[in-house]
Amino acid sequence: MPKTFEEEYQPLLIKEIKDTKRIKLPSKSLLLTVCAACIGGTFQYGYNISVINAPTVYVHNFINQTWRERYQTDISEDLLTLLWSAIVSIFTIGGLIGVTVGVTLSVKLGRKGALMANNIFALMAALLMGLSYPTGFFELLIIGRLLTGINAGIGICVQPLYLGEIAPTALRGAMGMGTSVFITGGILAGQVIGLKELLGSEEYWPILLSTTCIPAFLQLLIFPWFPESPRYLFIDRGDVEGCKKALKQLHGADYDGEWDDIEKEKNNLAGFQAKKPWELLADRSVRWQLLSVVLLNAAQQLNGINAIYFYADYLFRQTGIPADKIPYVTVGTGACECVTALTCGMLIECLGRKALITGGYTLMSICCIFFTLTLSFQDASPVFPYLSMACVFAFILSFGLGPGGVTNILTTELFTQTSRPAAYMIAGSVNWLSFFFIGLAFPFIVLGLQQYCFLVFLVICSSVAVYIFFIVPETKNKTFLEIQSEFQSSNNRKACSADGAGTTLLSTSL
C-alpha cells in the first residue's frame with residue numbers, strides 16, 4: 001500500500017527541524033587549543049605594537065645619556081629622531097622577514113612546530129631589550145625590535161593558517177576570529193601594562209619592553225599538550241593515524257564529517273605539492289582569489305585606522321582632557337576595539353563574512369566623511385572636538401566589526417591546502433609593506449592635505465566595499481573545495497565572456 005504524503009515526508013521534516021535547531025558548539029579542547037596558539041602568536045603582534053608607546057620619553061633620555069657618555073656631547077635632535085624612528089619602524093622590516101620565514105617553517109615543521117619555534121625570537125628580543133639599559137647599548141633595542149617584528153610576522157602568518165585548519169567548517173569563522181581578538185587583546189594589554197602605575201615609569205621601562213617573554217614562556221609550557229593541524233598531518237605528511245588522533249582530541253569522538261572533508265580535499269589534491277609564491281602568482285586558476293586577498297591585506301593597513309590612532313592624541317587634547325589622563329583614554333580605544341572583535345566573533349557565523357567586512361568598510365567610509373567635516377570646523381564650536389572624538393570611536397568600532405578580523409579568515413578560506421601557505425606569504429608581505437608605507441607616507445599626506453587626508457581613506461574604504469560586494473563570494477558554512485569550485489566557475493564564466501566578446505569582435509571585423 002503506497003505511503004501518504006505525511007507518512008513519507010514527516011520524518012524528514014522533523015529531522016530537518018531538529019538539525020536546524022541544533023547549535024554546534026566548539027569543544028573545550030578546541031577552545032583551549034585556540035588560546036594556546038594565540039597567546040604566543042598574534043597576541044605578541046598587538047602587544048609589541050602598543051607597548052613601545054609608553055617609554056618613548058625614557059628611551060629618548062637613555063639614548064641621549066648613552067651618547068653623552070660615549071662622545072661627551074649631546075646627540076643632535078635629528079639624529080635622536082632618526083634612532084627612535086629606527087627602533088619603532090624596524091618592527092615592520094622584521095615582520096616582512098617573519099612572513100617569508102614563517103611560510104617555510106609552516107611547511108617544514110608544521111603549523112604547530114612553526115609557532116613553537118617562533119618563541120625563540122621573542123625570548124631573544126626580551127633578553128636584548130632588557131639588557132640594553134644595564135649595558136648602555138641602545139643598539140640592542142633596535143636588534144630586539146627587529147626580532148619582535150620577526151616573531152610577529154611569523155605569528156600573524158602561521159597562526160591564522162593553523163586556526164583555519166583545525167576548526168570545523170561550521171565554526172571556522174568564529175575560531176578564526178581568535179586572531180583578531182588576541183591582536184586587540186595584545187594591544188590593550190600593552191596599553192594597560194604601560195601605565196605609570198604598573199611598568200610605565202622611568203625605572204621600569206627596560207622590564208616593560210622585556211615582558212614580551214611572558215607570552216612566549218606561556219606558549220612553550222601549554223602548547224605541547226595540543227595537536228598539530230589534522231589537515232597538515234594527513235594532506236602534507238600522509239599521517240592517517242596522527243590526523244585521526246588530532247581530530248578526536250579537537251572535536252571528540254564524532255569527527256566523521258571533518259574526516260570526510262579532509263579526505264575529499266586530499267583526493268582532490270593528489271599528486272600536487274605545496275606551491276611556491278611565484279608558482280601561485282603564475283597560476284591563472286586562482287587569480288581572483290589572489291587579487292582579493294592582496295587588495296584586502298593592503299586595505300587593512302591603508303584604510304585609515306593608523307591615521308585615526310595618530311589623530312586620537314591630538315583630539316583628546318582638543319577636548320580638554322589633561323595630558324596625564326590621555327593614556328587612560330587611549331586604553332579606552334583599545335578596550336573598544338577588543339569588544340568589537342569579540343562581537344564580530346559572535347556574529348560572523350550568523351551574518352557571514354561578506355556582510356561584516358562590506359558593512360565595516362561602508363561604515364568606515366561614512367566615518368571618514370564625518371571626520372573630515374568635524375576636523376574642518378574644529379574651531380567653529382566647542383562641540384566639534386567632541387564630535388571628532390566620537391568619530392574616532394565609531395571608526396575603531398567599524399574596523400573591529402569587519403576588516404580587522406575577517407581579512408585573515410578570508411585568506412585561509414579562499415585557498416586549498418597546497419596553495420594556502422604561499423597565499424599567506426604573499427598576503428602577509430603586502431600587509432607588512434603597506435604598514436611600512438603608511439608609516440612612512442602618512443606624515444607627508446597630513447602635511448599636504450591636513451584635515452582632508454581622510455578623503456584618501458574614504459576612496460580606499462568605499463572602493464574595497466564595492467569590490468567585495470561584487471567579486472568576493474560568501475564563504476560561510478562552505479568547505480574549502482566548495483569555495484574553490486565557486487571561484488573556478490566564476491573564472492570560467494569570465495573567460496567565456498571574454499572569448500565570446502573576442503569572437504563577436506572578430507566576426508564583425510570580417
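I take axes as lines fitted to C-alpha atoms, for helices over the stretch in contact, with angles from 0 to 180 degrees between N-to-C directions. Helices here are DSSP runs of H or I with at least four residues, numbered from the N terminus.

A note on my source: the model is predicted, so I keep in mind that local features need pLDDT of at least 70, side-chain atom pairs count only at pLDDT 80 or more, and totals for chains, interfaces and linings use all residues. Residues are numbered from 1 along each chain as its sequence is written, and side-chain values use heavy atoms, with hydrogens and water left out.

**Entry: a helix pair.** I looked up α13 (residues 240-251) and α14 (residues 256-268), whose axes come within 10 Å and cross at roughly 140 degrees. I then listed the contact (heavy atoms within 4.5 Å): V240, C243, K244, L247 and H251 of α13 meet E258, W259 and I262 of α14.

**Entry: salt bridges.** My search of the whole structure gave 7 salt bridges (a side-chain nitrogen of Lys or Arg within 4 Å of a carboxyl oxygen of Asp or Glu). In one of them, R172 pairs with E413, with the closest N and O atoms 2.9 Å apart. R172 lies in α8 (residues 172-176) and E413 in α21 (residues 403-413), so the pair ties together parts 241 residues apart in sequence. E413 also meets R353 in a salt bridge at 2.5 Å, N to O.

**Entry: burial.** R172 is buried at 2%, E413 at 0% and R353 at 1%.

Note on methods. Helix = DSSP H or I, 4+ residues; strand = E, 2+ residues; numbered from the N terminus. Buried < 20%, exposed > 50% of the residue type's maximum accessible area, 1.4 Å probe, protein only.
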